[in-house]
Amino acid sequence: MHPMPELTPLLKQLRLSGVLDTLEARNREAIDQRLSYVDFLARLVADEVARREQKKFHLRLRRAGFRSTKTIEQFDFAASPGLNAALVQELASCRFVDERVGVLIVGPCGTGKSHLAQALGHCAVRAGHDVVFITQTQLLGSLHAARATGTYERRFQTLARVPLLLVDDFGLKPLRPPHDEDIHDLVAERYERAATLVTSSLDFPEWGDAFANRLLGAATLDRLRDGAYRIVLDGESHRKPRPLLAAEAKKSRTRASTPPALGQAQGDTHNPSLATDPANS
């Protein structure tokens, strides 16, 4: 039981019920260490602040929409020999979010673009920033659905105002009207107001090819590239097929070494049902 049960309803009324989690332990600690009232109160307040910060962190993490928990500590720098690791560590400090500039990540499929994007997003969440991770297809699909239901402006502003927007797989599908206009308007609205991180399997000179309207594409990319940090990933794909089990490998070798059945050699396609009946010859 808590040492002072009469505090329970009062703390709940003040929305400080989290204090109850550590009240008994802190009270015993204060008695054992002969803490002053001020020190006792300071430790309780510190516990409540830490609890609220943890709650906010998990809320930001859930709202970010990450596919999985990818952190910068898990990223395999050795798999991309040409990667500027110092730049990545600098970006992990999240100063680029405060600078409100872009981060552009390119590389072949499977080289860790999405992992790195989510890892930097995770760093931003830990630093207290709101983040949204979304693919280009999901982004345009959500705006299209919002337009159909009359909530386009609300959805657009949500994406425009988030401090860090992570757009994965840019240019994977060509941008047709009105999707190219949506991308342009969003980039223009966020320009110099919020940080945007974009990943793509296209090389930087090929980004303009994603737009059917080249003029609109040039205007969009001009804003997106201005002052942006650029990262190029190389190396082989991290995605590998699962190795065959011993039994499967043996079965595969057996099939490969088994000679063709009699009558099927040399591509023989003789069908017994088509044979000539001697009685009718």
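Where is Arg15 found? Arg15 sits in the loop between helix 1 (7-13) and helix 2 (20-33). Helices here are DSSP runs of H or I with at least four residues, strands are runs of E with at least two, and both are numbered from the N terminus. The model is predicted: local features need pLDDT of at least 70, side-chain atom pairs count only at pLDDT 80 or more, and totals for chains, interfaces and linings use all residues. Residues are numbered from 1 along each chain as its sequence is written, and side-chain values use heavy atoms, with hydrogens and water left out.

Stay with Arg15 for a moment. Its phi is near 60 degrees, a positive value in a residue other than glycine. Arg15 counts as exposed, at 71% relative accessibility. The cut-offs, for a 1.4 Å probe and protein chains only, are under 20% relative accessible area for buried, over 50% for exposed, and partly exposed in between.

Now the whole chain. The protein chain has 11 helices and 5 strands. Of its 281 residues, 38% are buried. Contact means heavy atoms within 4.5 Å. Among contacts between residues at least 6 apart in sequence, 79% join residues at least 24 apart.

Next, the interior. In soluble globular proteins, nonpolar side chains tend to be buried together. A nonpolar core is a set of buried Ala, Val, Leu, Ile, Met, Phe, Trp, Tyr and Cys residues joined through side-chain atoms within 4.5 Å. The largest such core has 31 residues, and Ile72, Phe96, Leu116, Val131, Leu164, Leu197 and Ile231 touch the most other members. Several elements each supply at least two residues of this core, including helix 3 (37-64), helix 6 (113-126), strand 2 (131-135), strand 3 (164-168) and strand 4 (195-200). Helix 6 gives the most, with 7 residues. Take Leu197 as an example. Leaving aside neighbours within four places in sequence, Leu197 is in contact with Val103, Ile105, Ala117, Leu120, Leu164, Leu165, Leu166 and Val167. Another core lies apart from this one; it has 28 residues, among them Ala160, Leu175, Ile183 and Ala228.

Two packed helices are described by the angle between their axes and the distance between the axes. Axes are lines fitted to C-alpha atoms, for helices over the stretch in contact, and angles run from 0 to 180 degrees between N-to-C directions. Angles under 35 degrees count as roughly parallel, over 145 as roughly antiparallel, 65 to 115 as roughly perpendicular and the rest as oblique.

Start with helix 7 and helix 8. Their axes are 7 Å apart, at an angle of about 150 degrees. The pair is therefore roughly antiparallel. Leu139, Ser142, Leu143, Ala146 and Arg147 of helix 7 meet Tyr152, Arg155, Phe156 and Leu159 of helix 8. This contact divides into 6 nonpolar, 1 polar and 2 charged residues. Here Ala, Val, Leu, Ile, Met, Phe, Trp, Tyr, Cys and Pro count as nonpolar, Asp, Glu, Lys and Arg as charged, and the others, Gly among them, as polar.

Helix 7 (residues 136-148) also meets helix 9. Their axes come within 10 Å and cross at roughly 100 degrees. That makes helix 7 roughly perpendicular to helix 9. Leu139, Leu140, Leu143, His144 and Arg147 in helix 7 face His179, Asp182, Ile183 and Leu186 in helix 9 across the contact.

Helix 8 (residues 152-161) and helix 9 (residues 179-190) complete the set. Their axes come within 9 Å and cross at roughly 50 degrees. That makes helix 8 oblique to helix 9. The contact joins Tyr152, Phe156, Leu159, Ala160 and Arg161 of helix 8 to Asp182, Asp185, Leu186, Glu189 and Arg190 of helix 9. By class, this contact has 5 nonpolar, no polar and 5 charged residues.

Some loops deserve a look too. Asp169 is found between strand 3 and helix 9. Phi of Asp169 is near 65 degrees, a positive value in a residue other than glycine. Asp169 is partly exposed, with a relative accessible area of 23%. Pro178 is in the loop between strand 3 and helix 9. The peptide bond from Pro177 to Pro178 is cis, with omega near 0 degrees.

His129 lies in the loop between helix 6 and strand 2. Is His129 buried or exposed? His129 is buried, with a relative accessible area of 17%. Not counting residues up to four places away in sequence, His129 touches Arg60, Cys94, Val97, Asp98 and Ala124.
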